[in-house]
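Colleague: I have not worked with this structure before. Could you take me through it?
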Amino acid sequence: MQNERSFPLLDTIDTPTQLRALAPNQLSSLASELREFLISKVAASGGHLASGLGTVELAIALHYCFDTPRDPLVWDVGHQSYPHKVLTGRREQLHTIRKRPGISGFLKRDESPFDAFGAGHSSTSISAALGLAIASRTLGDAVDAVAVIGDGALTAGLAFEALDHAGGAGENLIVVLNDNGMSISENVGALSKHLTTQGRTSAADAAGFFKTLGFEYEGPIDGHDLDALLPAIARVKSRRGPRLLHVVTRKGKGYSRAEADPIKYHGVTAFDPSGGLPPSKPSEPTYTQVFGEWLCEMAAQDPRLVVITPAMREGSGLVEFARRFPDRYHDVGIAEQHAVTFAAGLAAAGLHPVVAIYSTFLQRAFDQLVHDVCLQQLPVTFAIDRAGLVGPDGATHNGGLDLSYLRSVPGMTVMTPSSGHSLRAMLRTAVELGKPCAVRYPRAAAPGTPTQTSLLPRALPIGRGELQRRGSGIALLVFGTLIETAHEVADIVDASVADMRYVKPLDESLILELAQQHDVLVTIEENVVAGGAGSAVAELLASHGIEKAVLTLGLPDRPIEHGTREQCLRDAGLDVAGIFDAVARHCAIIGEERNRKGKPLRLRDNAMFNGVLRLLTRSQLG
């Protein structure tokens, strides 16, 4: 790693007020220091690198020209916000980014007054900045509200809705279009082609497009040339009404490896800047990798299988599929709503569409899932990645709601694999089912990944789980990939363990059997408890008039912040210790009640577990 060095100008900047005290001719030197600082710190800690390197000069110029935080500066998504964080008092904390208890990798209002609006999803900045602008006018304190949005994020319908509203209303809003030709992958679609042609921006075309929407256009400006950028911002600032400044930047600017491969350097683990990212080491396959491999094998057998992604080729494991089946691969850009309805149209014409999407992003297309897919019973398969806790990306990217909202939709089948093998089986089941179906899995290693000879296992029977361990007194009903954790708990408390597989339809016969044979049922899911799989089990028992003590374990009713995945699971009480503690306390409560009724719990002789129960009872249940 590089030796620590001082940054004479940057070390004096803790607030934009100090930045604005510099002479204009000092800003280029500050930009060089800030870029080197970012490379050294992100290389040491990991995080998003290429996006921030592309906005160094832009962040300096915006804070230099505007009276932040009084003038609210709204950054879209947050990948490109690292220079902003450094310039607004978080320089000494940057090495903690995305680590607990350090700063977030995205924008958070409770982290800094300079984070005018929280963001982790894309395309929200224009809407938010417009709201801030109108609110300031309403309250009699007019400010310059600024939204910084990338050309990739501009493809979302939300951004167009905001542009249309702002341009029509004539509000005092400044939109800075950071045009680097990239999302995480290369940008796609007509808008990207309209803004740039063979790497050169067409000013007349771009100006005409935005003027049609009611915006006064300035640009394109080289976003790395402060001598051009500062006067351009000053001109835009001097006007009123909807204004758009078109800035052209290079993702990864200043670090040659990131400039050459901005996709690879979008998000990085710790590395040595002098040598670049090390070659990836073979490890246990992840669920994402298992999905990508299965997809290629299935596509070779099923010529009607097609794949849709909203700009997440790399993250969803689709690189190889896109290479092998380019005509059956559809990247629609950051447009989740369109992705789902587009898939519905493909299905209506007889194809087998698979929508590869993160759980947290599927939230943005809920109405399309209901109205366009499920009400018409179209055979769209949703491969839902990043379900549950995602670790360093934190609360904005946790996928903790999908089981609750998916099981509420009539006609939807919902499956939760517990291993690489079961993921493959469920994906095949979904494609062959001929109905709307969702398979959700986490960002994690996939145990039980089979050999090449069994990449395409047979489809599963619908609504059937599997009893994997038979114990006494307590039954652990597991929905998803916490099955190994459940087995560890079961070894301590001598519990039965069922891999439930289906959230909808439930395996009713297995649940009723377990309820008859056990005193306590415990449901475990990596989803919010409210309305999740555990709720479905409780509803089933209630519908049969069965009074049974059901402990529902899942994500708590609060955000789980960034950290390692293990830290986040521990925070949620979904590690071995947390589940054991919850089960022990629940059994102590139930045991007291059962003892009063002369119907003690049917627990086998387990000295440690029963000792814990006695201690809990003596301490008035803790």
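Predicted model: local features only at pLDDT ≥ 70, side-chain atom pairs only at ≥ 80, totals over all residues.

Colleague: Is Lys85 buried or exposed?

Modeller: Lys85 is buried, with a relative accessible area of 0%. Glu111, at 25%, is partly exposed.

Colleague: How many salt bridges does a search of the whole structure find?

Modeller: The search finds 36. Among them is the bridge between Arg440 and Asp402, whose closest N and O atoms are 2.7 Å apart. This pair links distant parts of the chain, with Arg440 in strand E15 and Asp402 in helix H17 (residues 402-407), 38 residues apart. Both Arg440 and Asp402 are buried.

Colleague: Which residues do salt bridges with shared partners join into one network?

Modeller: Asp11, Asp14, Arg91 and Glu92 are joined in this way.

Colleague: Turning to the strands, what is the order in the open sheet of seven?

Modeller: The order is E11-E10-E12-E13-E15-E14-E19, and the pairing is mixed. Strand E11 (329-331) and strand E19 (502-504) stand at the edges with a single partner strand each, so one side of each has no neighbour in the sheet. On average, neighbouring strands are turned by 20° against each other, direction ignored.

Colleague: Which helix packs on the sheet?

Modeller: Helix H14 (residues 336-348) does, touching strand E10 (305-309), E11, strand E12 (352-358) and strand E13 (381-385). The direction of H14 makes about 165° with that of E12.

Colleague: And in what sense do E14 and E19 pair?

Modeller: Strand E14 (residues 413-415) and E19 are antiparallel, paired over two bridges. Met415 stands opposite Tyr502 in E19.

Colleague: A change of topic: how many aromatic pairs does the structure hold?

Modeller: There are twelve aromatic pairs. One of them joins Tyr287 and Tyr441, whose ring centres are 6.4 Å apart.

Colleague: Why is that pair stacked?

Modeller: The planes of the two rings lie at 25°, and planes under 30 degrees apart count as stacked. Because Tyr287 lies in helix H12 (residues 287-301) and Tyr441 in the loop between strand E15 (437-440) and strand E16 (466-469), the pair ties together parts 154 residues apart in sequence. Both Tyr287 and Tyr441 are buried.

Notes:
Residues numbered from 1 in each chain as written. Heavy atoms only, no water. Pairing = 2+ DSSP bridges. Helix = DSSP H or I, 4+ residues; strand = E, 2+ residues; numbered from the N terminus. Axes fitted to C-alpha atoms, helices over the stretch in contact; angles between N-to-C directions. Contact = heavy atoms within 4.5 Å. Phe/Tyr/Trp six-rings, centres within 6.5 Å; stacked < 30°, edge-to-face > 60°. Buried < 20%, exposed > 50% of the residue type's maximum accessible area, 1.4 Å probe, protein only. Salt bridge = Lys/Arg side-chain N within 4 Å of Asp/Glu carboxyl O.
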